Amino acid sequence: NPLEPTTLRLTAECSEPLRKSITFDNVSDANVSNISKRAFKGCENLGKISLPLSLKTIGESAFEDCKKMYIDTNLSNVEEIGNKAFLYCKEFKCVDNNTDTSLDLSNITSIGDCAFYGCEILSTELVLPSSLKSIGIHCFEKSGIKKLDMSRANKINIIPHNAFCDCTNLTIVELPDSIVYVQLSINIYTVDNLIGKNVTFDNKYDGVVTLNVWTGYAVNVVS
């Protein structure tokens, strides 16, 4: 039967290991729209999770420190992901029929600070949509993303501090025309292909700048 509550929460942070797999009996019909803040924080043995298609909001630190968790549904209907929602979820990934698939954020409007920080094996081509209105500091820092396509995210003017820093697999970045300022957000010496127009990089915290890898840009560096 579909779940009755619209918000999934625990009364306290998990101090004991939670069962390895959480599923909803009917993923397409479950009536859960919100996972509250700290709902599963620290559940280190939490493994596979099936999330309902009705889910719209994932609260602050909802899955923080769930080091083994991954999802066998996607986040295509989620609109808001809170601060530190998947912080240090080292094995976080999306799986479809036991095959790794790209992270789908096609309806996202807000990604909080450190939302996917440290998701080391999230090896995906990340596409951020036109619905995106805000993106937090450190949101994908130290994650495994390989390609970043923000070309449709034209409501974003500034990529905040270290949003994509230390993404060592990241080689292709596409930014929208609306971006005018990057706050040391990307390791520019690791990106081979940057597609866009005018941008200013705040380099005051970085000792090394290699500009020849930034193709298609008029690059200004503020040191």
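Student: Happy to start with a histidine. Leaving aside neighbours within four places in sequence, which residues is His-138 in contact with?
Tutor: Contact here means heavy atoms within 4.5 Å. With its neighbours within four places in sequence left aside, His-138 is in contact with Cys-114, Tyr-117, His-161, Asn-162 and Ala-163.

Student: What kind of model is this, and how are residues numbered?
Tutor: This is a predicted model, where local features need pLDDT of at least 70 and side-chain atom pairs count only at pLDDT 80 or more, while totals for chains, interfaces and linings use all residues. Side-chain values use heavy atoms, with hydrogens and water left out, and residues are numbered from 1 along each chain as its sequence is written.

Student: Where does His-138 lie, and is His-138 buried or exposed?
Tutor: Strands are DSSP runs of E with at least two residues, and helices are runs of H or I with at least four, numbered from the N terminus. His-138 is found in the loop between β11 (134-135) and β12 (147-149). Buried means under 20% relative accessible area, exposed over 50%, and partly exposed in between, with a 1.4 Å probe and protein chains only. At a relative accessible area of 19%, His-138 is buried.

Student: How many helices and strands does the protein have?
Tutor: By that DSSP rule for helices and strands, the count is zero helices and 18 strands.

Student: How many aromatic pairs are there?
Tutor: Rings of Phe, Tyr and Trp (its six-membered ring) pair if their centres lie within 6.5 Å; planes under 30 degrees apart count as stacked, over 60 as edge-to-face and the rest as tilted. On that basis the structure holds eight aromatic pairs.

Student: Why does the pair of Phe-40 and Phe-63 have the class it has?
Tutor: The ring centres of Phe-40 and Phe-63 are 5.4 Å apart and the planes stand at 10 degrees, so the pair is stacked. Phe-40 sits in the loop between β2 (34-35) and β3 (48-49) and Phe-63 in the loop between β4 (57-58) and β5 (70-71), so the pair ties together parts 23 residues apart in sequence. Both Phe-40 and Phe-63 are buried, and the class asked for is stacked.

Student: What about Tyr-88 and Tyr-117?
Tutor: Tyr-88 is partly exposed at 36% relative accessible area, whereas Tyr-117 is buried at 15%. Tyr-88 lies in the loop between β6 (80-81) and β7 (94-96) and Tyr-117 in the loop between β9 (110-111) and β10 (125-127), so the pair ties together parts 29 residues apart in sequence. With 5.7 Å centre to centre and 85 degrees between the planes, the Tyr-88 and Tyr-117 pair is edge-to-face.

Student: Which residues form the aromatic cluster?
Tutor: One aromatic cluster is made up of Phe-40, Phe-63, Phe-86, Phe-92, Phe-116, Phe-140 and Phe-164.

Student: How many disulfides does a search of the whole structure find?
Tutor: A disulfide is a pair of cysteine sulfur atoms within 2.5 Å. Cys-89, buried at 0% relative accessible area, has its closest cysteine sulfur in Cys-66 at 5.3 Å, too far for a bond. For Cys-167, buried at 2%, the closest is in Cys-165 at 7.7 Å, also too far for a bond. The search finds zero disulfides.
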